[in-house]
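Dear colleague,

Please find below the structure I promised to hand over, followed by my notes on it.

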Amino acid sequence: MHLWIEEKELKEIKDKFPSIAINKEENFTYIQVKKSQLLEILRFLKDRLNYKMFIDFFCIDFPLHNPRFQGVYILFSPEKKKRVAVKVWAEDNSLPSVISLWKGAKWAEREAWDMFGVKFEGHENLVRMFLWEGYKYHPLRKDFPLKGYEEVYLPSLNLRPGEIPAHNYSPYHTEIPTMEDLERTQKKRMEKRNQIVLNWGPLHPGTHGTIWFLFDMEGEYIKNCDIILGQLHRGVEKIAENLTYTQFIPYTDRMDYISALCSQVAYVNAVEKLLGIEPPEKAKFIRTMMCELQRINSHLLWLGTYALDLGALTIFLYAFREREKIMDIIEGIAGIRLNSSYIRIGGVAKDLPEGALDVIKHFCEDFSEKIKEYETILTKNRIWLKRNVNVGIITEEDVYSYGLTGVVARSAGVPYDIRMIQPTDAYDKVDFELPLGTVGDCYDRYLLRMEEMRQSVNIVRQCVKKLEKMKDENYIASDNPYVLPTLEEVFNSIESMVKDFNLRIYGEQVPEGEIYLSGENPRGELGFYINSKGEGRPYRLRIRSGAFYNLQIFTKLIIGRTVADAVALLGSLDPVVGETDR
C-alpha cells in the first residue's frame with residue numbers, strides 16, 4: 001500500500017510555492033524548502049491539506065555540505081491516510097521552532113540540539129534532551145568518534161603506587177556527569193515557582209525504568225513538570241552507522257526489550273523494502289504470529305506491573321503466570337527468551353520446531369479464559385475505577401499535536417494503527433478489529449489493552465491455521481544475493497560460506513535511497529528512517545520511538561493532579577526507557 005502524498009497534492013503545493021523542489025519515490029516522498037518559508041509551508045500542509053498529525057523530526061549531518069545539517073519533518077493526514085516529508089537546510093546552524101504548530105516538536109527539537117547542535121529560534125527552553133547541561137559535544141555528528149572523546153583521567157583504584165598498568169588499560173575515559181552537572185541540568189529544566197520541587201526517580205519502581213521526573217508542587221498538587229531522560233541512553237543510531245544492516249538486528253532487541261520481536265520486524269521490513277526483498281509467505285505468517293504473541297507478552301507485563309502500582313498484587317501473579325508460558329514458546333522457537341534476534345532480512349532465522357503450533361494452539365484456548373479472570377477482578381472494582389476513571393484524559397487534538405500513537409492514541413478515539421494503515425508481513429491476510437476509546441482516560445487505556453490481547457489471540461489462531469498447511473515451505477529467501485544463507489547451506493556449500501562471510505563482514509550493498517517504514521509496536525508507532533549512500537552500512541538511521549512521543553504528553557496531563565495520579569498516568573502510557581533513550 002502506497003502511503004505517501006499523491007501527485008495532485010504535490011502539484012497544489014508547487015503552484016502555491018514555486019521555489020520548492022519535490023522528490024517523489026516509492027518509499028519516501030519529500031518537499032525541499034528554504035528555511036525562510038518553512039513555517040508557511042508547514043502551516044499550509046497542516047491547515048489546508050490536513051497533514052495535521054506530527055510524526056517525527058530529526059537531523060542528518062552532511063559535513064562537506066554548506067549548510068551542514070538538514071532537518072526532516074514527517075507528517076501524516078488522518079483523513080487521507082498519507083504521509084509527507086519536508087526537508088530544510090539549517091542555515092546558520094539554526095531552524096525556526098515549530099512548537100507553535102505541533103507541541104510534540106518540543107522534545108524532537110531538543111534532541112536535535114543535543115545530538116547535532118542545531119539551534120531552534122523561538123523554542124521555549126532549548127536544553128539538552130539526553131545529555132547533561134555543559135557537555136561540550138554533539139554525539140550524532142559524523143566527526144564524533146564512536147567511542148567518544150577519552151579525555152578524562154580516571155586511574156585504576158586496583159593499582160598499587162608505582163605499579164605499571166596492563167598494556168591494554170588506559171586511564172583516560174569519556175566524560176561522565178558530576179553532581180554539579182546534574183544539579184545544573186535539573187535547574188535548567190524547570191524553574192521553582194511553588195512550594196517544593198519533588199524528584200521522582202530515576203530509581204523508583206513506579207517510574208518503570210530510569211526516568212527522572214521533576215514536580216513543582218503546591219501542597220499535594222503538581223503545578224509544573226518536566227522529565228529528564230538519558231540515564232539509559234544507548235546511542236544505537238550512532239552504532240548503526242558503523243554496522244552492517246544484519247549486524248544491527250540485535251540492537252533493535254535492546255531498545256524495547258519487552259517487545260523485541262516487534263522491534264526486529266519493524267526494522268527488517270524497512271531494510272527489505274529498501275533492498276527490494278520479498279520474504280516467503282511462510283516467513284510473513286511466522287513474523288505476524290510471533291509479533292502478536294509478543295504483543296500479548298508486553299500487555300501482560302504492563303497489566304501486572306500497572307496493577308501492582310495501584311495496589312493489586314494478585315493480578316501481577318496471574319499475569320506473570322501466563323506471560324511465562326509465552327516466554328517458553330518464544331524460547332522454544334527462537335532459542336532465547338528475551339533478546340532473540342530471531343528475525344532475518346528475507347525471513348526468519350530458523351523454521352518452527354516440531355510441535356510448536358500445537359503448543360501455541362493450546363495456549364490460545366487457555367488464555368481466552370484467563371483474560372476473563374483478570375477482568376472479573378479489575379474491571380468493576382471500585383478502587384480500580386477510582387484510580388483510573390477520568391485520570392489523564394487525552395483528546396483527539398492532543399494525538400495530532402504530540403504525535404501520540406498506539407493505545408494512547410486509540411484511547412482518544414483516533415483509529416491509528418500501522419497494522420491497518422500500512423500492513424506488512426501477513427497483516428493484510430488476517431482479520432481483526434481495532435478497539436477505540438471514548439473518553440481517553442487511564443481506564444480506556446486499560447480496556448483497550450485487554451481487548452487488544454483478545455484480538456492478538458484471534459490473529460495468532462489465524463496464523464497457526466495457515467502455517468499448518470506450510471510445513472515444507474521455505475522460511476527465508478536465501479536465494480536473494482542480499483540474504484544470509486541458512487545454516488544448512490553454509491555447512492554444505494563453500495559458496496554459501498563465502499556469501500555468509502561477505503554479508504556479515506562487509507554488509508549488504510544497499511542501493512542509494514531513502515525510506516521511512518514503521519511497525520505497530522505495543523507502545524505505538526516504531527518507525528525506521530534509513531538514508532543509504534549505496535554502501536554496506538546506513539549513512540543515517542533514525543528510530544522514531546512511539547514511547548518517546550507518548551511520554552511527552554505526561555508533562556501536560558499531570559498538571560493539577562497529585563503524585564498518586566502520576567503513578568497511574570505513567571503506567572497507563574506504558575513507556576519503556578530502552579526505546580525512549582534509544
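**The sheet and the helices around it**

An open sheet is formed by 5 strands, in the order S1-S2-S5-S4-S3, with mixed pairing; two strands count as paired if DSSP finds at least two bridges between them, and helices (H or I, at least four residues) and strands (E, at least two) are DSSP runs numbered from the N terminus. Strand S1 (21-24) and strand S3 (53-61) are the edge strands, each pairing on one side only, and from one strand to the next the twist averages 20°. This is a predicted model, in which local features need pLDDT of at least 70 and side-chain atom pairs count only at pLDDT 80 or more, while totals for chains, interfaces and linings use all residues. Residues are numbered from 1 along each chain as its sequence is written, and side-chain values use heavy atoms, with hydrogens and water left out.

S3 and strand S4 (residues 69-77) run antiparallel and are joined by 8 bridges; Phe57 has Tyr73 as its bridge partner in S4.

Helix H2 (residues 38-48) lies across strand S2 (29-33), S4 and strand S5 (82-89), and runs at about 175° to S5, whereas helix H3 (residues 105-116) lies across S3 and S4, running at about 10° to S3. For these angles, axes are lines fitted to C-alpha atoms, for helices over the stretch in contact, and the angles run from 0 to 180 degrees between N-to-C directions; contact means heavy atoms within 4.5 Å.

In helix H1 (residues 7-16), Glu9, Leu10 and Ile13 are buried, that is, under 20% relative accessible area, with exposed meaning over 50% and partly exposed in between (1.4 Å probe, protein chains only). These three cover an arc of only 100° around the axis, which puts them on the same side of H1, the arc being that of the directions from the helix axis to the C-beta atoms. The buried residues of H1 pack against S1, S2 and H2, while the face turned away from the buried side carries the exposed residues Glu7, Lys8, Lys11 and Asp15.

**The chain as a whole**

The protein chain contains 21 helices and 17 strands, and buried residues make up 59% of its 582 residues. Its C-alpha trace spans about 75 × 65 × 60 Å along the principal axes. Among contacts between residues at least 6 apart in sequence, 67% join residues at least 24 apart.
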